[in-house]
Amino acid sequence: MSVETAPNQLNVPYLDISDPSFAMQSEELRNAREASWYAKTNYGIAVLRYEEVSKLLKSPKLIQGSAKWPAHNGVHGGLFFDWWTKNLLVLEGEDHHRIRRLLNPAFSPRLIKDLVPRFQALANELIDEFIDSGSCEFIGDFAEPYATRVLTILLGIPESEWPTIARLASTIGLALGVTFKQDLDKVDAAVAELYDYAEDLIKDRQANPGEDFVSRLVLASRDGDKLNDEELRNALVLLIFGGMDTTRNQLGLAMQSFMRNPEQWELLSARPELGAKAVEEVMRINPTVTWVTREAVEDFTYQGLEIAAGTTVHLFTQASGTDPLAFPNPELDLLGEHPAHYGFGGGVHHCLGHFVARADMSEALPLLAGRLGNPHLTGGDEWLPDSGNTGPIRLPIGFTKRI
Amino acid sequence: MSQITVDRKLCDNHGQCAIAAPKVFSMNDEGVLEFEEIFDDALLDEVEEAIDVCPVQAIFVKD
């Protein structure tokens, strides 16, 4: 049977995932997950349960499903299109593995650890700015500058240049939205500006290599092979494209989750060593990347369902991370022992920058918990839709100053 | 020669080690990790990259 002809298809739930009001954390989705491990959608199938998401995420029968994203949106050329088709996110097989091998050493957890004191200093500097007022707009005052300045620290560029990086990353991020075609000129202009920026940075480090992250990329070699200038440039654009919005949104979602679970915020405040666990827990129950897209490369059968080559398979992260079959107590619990979440995707396309994201958020959350007591919404919050990458656009909060 | 151990409770079969050190680690048709427990020290750099890159840090080496 296939998705279209399954005899029991009346029992298979249907989810309209492109409806702007579609909600991941909803009765509709919980009911669908209870009824079936997958749902039909307006665009492929959605996998809802932990065990099946875990298996299919890493299945050799599926490849990354975003390669055709520009074409699906009527975009068939231009700077973004060219970059997209050559970036690590969509490359497969040996083309992917070669680039990944050359990029990996710069993202080593051993090297990222050295940046921790700078992440801590940055978090405290940002909190100092608003702590006395008892309120802040958490995204504009903390999450966005923090996520972007972490990138400037990593890239070894002046932190004062963060607004430029934030603007370019956000503009290129429009390419992932439903208005991509209308925004194409803006997106391509931002890619051009970021290319110039990246090319200058690469030239500088080629002339004056040091111990920093970009120098490591420039010098990276394996079996006599190196990244050429175009590959280096594309990688830096990917870092900025993939590293800013995601971290900003995830910090906002973390604050939302802790505001809903004040006793867990108190626990984190009292035990800052739970910072790393806090990151895992909020990404399990409230991930910014709400689904990971894959595409079947061949016809195959999984749990009695025939999945035809070309079928789009959405792997739902939040639904899988709160699946009662895998998590009998799915609530946020910093002391709980839970299986790994898939907020960073998985398999060969597992997020390249996850050690950076984990390290910077692990420092930020306990510092925030230690200084901001009883954080709460004060109204005026605005949110991205749940389809694709979600999170708060604005998150005004009030709190009691601790220190 | 050195010996690899993998904590199978942690290992989630992402396969990043098989990209970093394909002479030592591989994924079978079912997507499950297979590896050579004993490896030649000439491959130590590759194996160390695999250890570093493992998303769940499940790989260990002893001499």
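1. Let's start with where the two chains meet. Chain B brings 15 residues to the contact and chain A brings 17 residues, with two residues in contact if their C-beta atoms, placed from the backbone, lie within 7 Å. On the side of chain B that touches chain A, α1 (16–20) and α2 (44–53) of chain B each supply at least two residues. That side of chain B splits into 6 nonpolar, 5 polar and 4 charged residues. (Ala, Val, Leu, Ile, Met, Phe, Trp, Tyr, Cys and Pro count as nonpolar, Asp, Glu, Lys and Arg as charged, and the others, Gly among them, as polar.)

2. Keep in mind that this is a predicted model, where local features need pLDDT of at least 70, side-chain atom pairs count only at pLDDT 80 or more, and totals for chains, interfaces and linings use all residues. Residues are numbered from 1 along each chain as its sequence is written, while chains are lettered from A and ligands numbered from 1 in the order in which they are written.

3. Now for confidence: pLDDT is the predictor's confidence in each residue, from 0 to 100. Chain B has a mean pLDDT of 96, and 100% of its residues reach 70 or more. For the complex, the predictor gives an ipTM of 0.96 and a pTM of 0.96.

4. Over in chain A, look at helix α7 (residues 116–130) and helix α8 (residues 138–155), which pack at an angle of about 150 degrees with their axes 10 Å apart. So α7(A) is roughly antiparallel to α8(A) (angles over 145 degrees count as roughly antiparallel, under 35 as roughly parallel, 65 to 115 as roughly perpendicular and the rest as oblique). The residues of this helix contact divide into 10 nonpolar, no polar and 4 charged.

Definitions and conventions. Helix = DSSP H or I, 4+ residues; strand = E, 2+ residues; numbered from the N terminus. Axes fitted to C-alpha atoms, helices over the stretch in contact; angles between N-to-C directions.
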